[in-house]
Amino acid sequence: MFTIYTQENCPNCLELKNFMKERNIQYTERNINEDFEAKAKLIMNDIEVTPALSIENNLFGGNLDYLTRKVLEVNG
């Protein structure tokens, strides 16, 4: 249901993953430095920052507060 797009040395990526783990929310991680398809997907959707978040094939980029709110909207 959730996919987090990350890259190395990204403190917000780590914070979002910790947020998910603390709430026992399962996610898939795609590192854009290793996964060129994932990077292309972000580029095609005009997302230039990580973390980015896919929720049921809807892709969101933005600041950490916005992304955590999106997770809570879906996961309560």
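This is a predicted model: local features need pLDDT of at least 70, side-chain atom pairs count only at pLDDT 80 or more; totals for chains, interfaces and linings use all residues.
**Overall fold and local features of the chain**

The chain folds into 3 helices and 4 strands, where helices (H or I, at least four residues) and strands (E, at least two) are DSSP runs numbered from the N terminus. Read from the N terminus, these elements follow the order β-α-β-α-β-β-α. The radius of gyration of the chain is 11 Å, close to the 11 Å that the globule rule gives for 76 residues, so the chain is as compact as a globular protein of that length; this radius is taken over C-alpha atoms, and the globule rule is 2.2 Å times the number of residues to the power 0.38.

Residues are numbered from 1 along each chain as its sequence is written, and side-chain values use heavy atoms, with hydrogens and water left out.

Taken along the principal axes, the C-alpha atoms fill a box of roughly 30 × 25 × 20 Å. Of the 76 residues, 39% count as buried; buried means under 20% relative accessible area, exposed over 50%, and partly exposed in between (1.4 Å probe, protein chains only). The chain exposes about 4,900 Å², and carbon and sulfur atoms supply 42% of that area, as computed by the Shrake-Rupley method with a 1.4 Å probe, where for residues only the protein chains shown count as cover. Among contacts (heavy atoms within 4.5 Å) between residues at least 6 apart in sequence, 57% join residues at least 24 apart.

Within H1, Cys-13, Leu-16, Lys-17, Phe-19 and Met-20 are buried. They cover an arc of only 155° around the axis, which puts them on the same side of H1; the arc is that of the directions from the helix axis to the C-beta atoms. Pro-11, Lys-21 and Glu-22, on the other side of H1, are exposed.

The cover over the buried residues of H1 includes strand S1 (2-6), strand S2 (28-31) and helix H3 (64-75). Thr-68 belongs to helix H3 and is buried, with a relative accessible area of 14%. Beyond its neighbours within four places in sequence, Thr-68 is in contact with Leu-16 and Phe-19.

The link is right-handed, with 75° about the S-S bond, and both Cys-10 and Cys-13 are buried.

Some backbone details lie in the loops. Asn-24, in the loop between H1 and S2, has a positive phi near 55° although it is a residue other than glycine, and it is exposed at 70% relative accessibility. Glu-56, in the loop between S3 and strand S4 (58-61), is not a glycine either, yet has a positive phi of about 50°; Glu-56 is exposed, with a relative accessible area of 53%. Finally, a cis peptide bond with omega of about 0° joins Thr-50 and Pro-51, and Pro-51 sits in the loop between helix H2 (36-44) and strand S3 (52-55).

Terms used: A disulfide is a pair of cysteine sulfur atoms within 2.5 Å.
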